[in-house]
Amino acid sequence: MKNKMYVVVREDLDPGLRTAQACHAATLYGRDFGASEEQNLIVLGVPDKEQLAQLLFELERRHIPKVWFKEPDVDNELTALACPVEATPLVRNLPLLFQG
């Protein structure tokens, strides 16, 4: 069975910036936890930084591994995070990025 990696990005960012933030988070996740070519990458969106911060809080509360990215060009705000399949209950209702 293939592993899943979820990347969650703020939808209130410009499309190009959203894409860059997703790449940053996925790269950090691969560096910290390893990634393989057999891993499914699922990129999801949340409306804004408050909801992304709430998701990060819930991941921390449940001790689910994760990485997050803060973009220096956006006042060092939280812009994206990546987490493993264990986060499915927390992200299952989020829309795919660019479809939300």
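Trainee: How many bridges join E3 to strand E4, and how do the two run?
Mentor: In this predicted model, 5 bridges join E3 to strand E4 (residues 77-84), and the two run antiparallel; strands are DSSP runs of E with at least two residues, numbered from the N terminus, and two of them pair if DSSP finds at least two bridges between them. Residues are numbered from 1 along each chain as its sequence is written, local features need pLDDT of at least 70, and side-chain atom pairs count only at pLDDT 80 or more. Totals for chains, interfaces and linings use all residues, while side-chain values use heavy atoms, with hydrogens and water left out.

Trainee: And what is the bridge partner of Trp 68 in E4?
Mentor: That partner is Leu 81.

Trainee: What packs on the sheet, touching E1, E2, E3 and E4, with a direction about 40 degrees from that of E4?
Mentor: Helix H2 (residues 49-61) does, where a helix is a DSSP run of H or I with at least four residues, contact means heavy atoms within 4.5 Å, and angles run from 0 to 180 degrees between N-to-C directions of axes fitted to C-alpha atoms, for helices over the stretch in contact.

Trainee: Switching topic, how many aromatic pairs are there?
Mentor: There is 1: Tyr 29 and Phe 33 form a tilted pair, 5.0 Å centre to centre with 40 degrees between the planes (ring centres of Phe, Tyr or Trp, the latter by its six-membered ring, within 6.5 Å; under 30 degrees is stacked, over 60 edge-to-face, the rest tilted).

Trainee: Where do they lie?
Mentor: Both are in helix H1 (residues 15-33), 4 residues apart, about one turn of the helix.
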